[in-house]
Amino acid sequence: MGKAAAPLCSAGTRGLVSLLSAVPCLACKQPPRRPPPPPALLVAMSLAGATTLEGPLPSTPATTPTSAGPGPDTYKGWLFKWTNYLKGYQRRWFVLSNGLLSYYRTQAEMAHTCRGTINLSTAHIDTEDSCNIVLSNGGRTYHLKAHSEVERQRWVTALELAKSKAIRMRNNQSDDSGDEEPASQSDKSELHGTLKSLSSKLEDLSTCNDLIAKHGAALQRSLSELENLKLPAESGEKIKAVNERATLFRITSNAMINACRDFLDLAETHSRKWQRALQYEREQRTRLEETIEQLAKQHNNLERACRGAPSLSTNTSIRASKAGSVQSVKAEASDEDEETEYFDAMEDAQAFITVAADPSKHHRRAGSNISGTSEGRGESWNLDDNVFDSSHQASYDGSSKDGIHKKKRRTRVPDKPNYSLNLWSIMKNCIGKELSKIPMPVNFNEPLSMLQRLTEDLEYHELLDKAVKCESSIEQMCFVAAFSVSSYSTTVHRTAKPFNPLLGETYELDRLDELGFRSLCEQVSHHPPAAAHHVYSKRGWTLWQEITIASKFRGKYLSIMPLGYIHLEFHSSGNHYVWQKVTSTVHNIIVGKLWIDQSGDIEIINYKSKDKCQLKFTPYSYFSRDVPRKVTGLVMDAEGTSHYVMSGTWDEKMECSKIVQSSQGNGSSEGKVPKTVYQTLSPKVLWKKYPLPENAENMYFFSNLALTLNEPEERIAPTDSRQRPDQRLMENGKWDEANAEKQRLEEKQRAVRRKREAEAAEALEEGKDYRGYSPLWFERKVDPVTGELMCVYKGGYWEAKEHQEWSACPNIF
């Protein structure tokens, strides 16, 4: 009897080797009987590498499942994703499903917000080191990092499998929709090859099924013969159990083959439809981008055609003569090339009208384009005519009208290299994002920092010197208003962005002996980026501001919104003026020539006398009859009475006209508010733009002052923008070296920030107070006039410069 039982335990007798070599010895182990699993479950378990019955299926090793989702094509888990140079790698939740890799900030976001998706069918998978994965698909690249090399390898395996399946699904798309283009010959060959491979695998499974059935039948016959032998009762029970298990094994194998066949049929029927839907969405996105570019080209072609039409000949505003003829303001065709933007023509653009008046009779009229309300007054007209003619231009080359010898300043910078740039290739993935958080190469910069651009507001500081001499606060307001507009004149051709200052970076402009003022800027915050500015003039005024730049990329244009208030105080009168900047917009990001527009409203308030000036920057419209870049406004006293009308353009000049009488216009047009008609004296030019230096187009369109801002100087602080190595390299035309240096400085800044965050966390754990970063030359205080919290100059910089005591300055370069 013992001899009869022995063959059942031997793996090499009675023809059982071909059937039982991959499963445990059934005669020696008798686990409790259980019904066969459903076919669908069996397929899922087999594909996942799970075991069936008492062991794995033949030729299927037992492995740890890599799937974490509902099916074998789904893989989920945490990875670190590179975001930008400021934040580095951030932990994100990734989901791999149906050939698509998507990521979310948290698992909870899976229900409502996907942060990004990459299609693996056209992606390239690369590994940089033991833990890094790089996925690239066209213009999109994901830099990922796993916790360990083992985890990285699991992800790479899952990604490679998903990629191969996605490629097969893409190639297996059916041609049953009439609008699909026929596949190329290579695609058809690959499709046929894939189907042939699948059919071959199915035939292999069928062959295995036949063999299993054949050997199973032979096994059952052998077992039946054993049952007929005269064996002890115990041996008979064991043989019967083996017979039942063999039968169950054959049924299960048949179910497996049927389930595989059903799965293949289902995949051929449905997976193509799903993949076709995904492919359709991908193609729609591509078509949308192409359509946007095509529309932009048509946009520019239409504008050029409109400019060439005879009906759009240029007409300028004609001033009224002494005979009192009515002014006529006609459309002025733009001289811009490929730099216009469509806006609907506004019928109610003029909220009021001004007419020229005879100073003695007050009845002669002329038309204008300005808006407001007022009662006429007959005060004398004290402002000098053409106060800013060419003889008043500030000098930066060494001459001085005051007889003081000035330092010889440079009059040129190295020419800008003629590199081919594609801004859209970088910006198209930044739509709707905060631009200050996006790392940009120096190729799109100009060799000035934001602190230096802020100092450029002082280009026309002489306006404030003249305002000091005004006895009337109303007249003084006119000069302040002209000064607020003059700061935009340098931006008309300046489409390049300035360098983002590092935290703690400073910039000084000491022109106390030459021009009567000295200026200091410091970057007081990094997120959000904020700069504090303080200017003292020995000619009787002080200006200070804290400006935070917010920017958003909207697809075709870029909006730059300065946040914060500008304060100006005159020493003798105590008049304290406060205003904000308007929004700057960079157009034609996708295609065409870049151009800049300024739009919005400025309200200047004198907090001592309560006088106000309301300025309106009209957005450019090709179909409007207004002159481009128009600025209009009214100067009013505390009671709301209008005294002066401001008019001009932010890129050329500003004028003011004294109001001598006002009257209400008729409101015959139904639904329109009647316009106020002002009679004014002849306009006086308050500000006129200086001409650009020769060859300015090759020097970033810098003004004479801008050319001197980055000129090397001695005795300045080690944190001064002139000391920035990346900015200096970029100015000298070494852009590749500048990009490398810029990345080094940003990484150094990130390391300092991480250290500061660690110190803050440690202090929090210990229950201690952590002060955080504090500016060196500025401190945050509540302004006593406006009640706002802002950074103001606390003193000490110029004293430190005099003694060359810079030990408190951080090492940021």
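This is a predicted model: local features need pLDDT of at least 70, side-chain atom pairs count only at pLDDT 80 or more; totals for chains, interfaces and linings use all residues.
Where does Asp-457 sit? You'll find Asp-457 in the loop that runs between helix H8 (450-455) and helix H9 (462-468). Is Asp-457 buried or exposed? Asp-457 is buried, because its relative accessible area is 11%, and the cut-off for buried is under 20%.

Now to the nonpolar residues. In soluble globular proteins, nonpolar side chains tend to be buried together. Here, the largest nonpolar core has 66 residues, and the members touching the most other members are Trp-541, Ile-604, Leu-615 and Met-646. Which helix gives the most to this core? That is helix H10 (residues 473-486), with 9 residues.

Let's zoom in on Ile-604. Setting aside neighbours within four places in sequence, Ile-604 has contacts that include Met-477, Val-480, Ala-481 and Ser-484, and also Tyr-577, Val-578 and Trp-579. Leu-615 is in contact with Ile-604 too. There is also a second, separate core of 20 residues, with Leu-96, Ile-118, Leu-120 and Ala-146 among them.

My last stop is Gly-633, in strand S21 (residues 630-636). Gly-633 counts as buried because its relative accessible area is 3%. Along the chain, Gly-633 and Val-645 are 12 residues apart, while their C-alpha atoms are separated by 5.9 Å.

Definitions and conventions:
Residues are numbered from 1 along each chain as its sequence is written. Side-chain values use heavy atoms; hydrogens and water are left out. Helices (H or I, at least four residues) and strands (E, at least two) are DSSP runs, numbered from the N terminus. Buried means under 20% relative accessible area, exposed over 50%, partly exposed in between (1.4 Å probe, protein chains only). A nonpolar core is a set of buried Ala, Val, Leu, Ile, Met, Phe, Trp, Tyr and Cys residues joined through side-chain atoms within 4.5 Å. Contact means heavy atoms within 4.5 Å.
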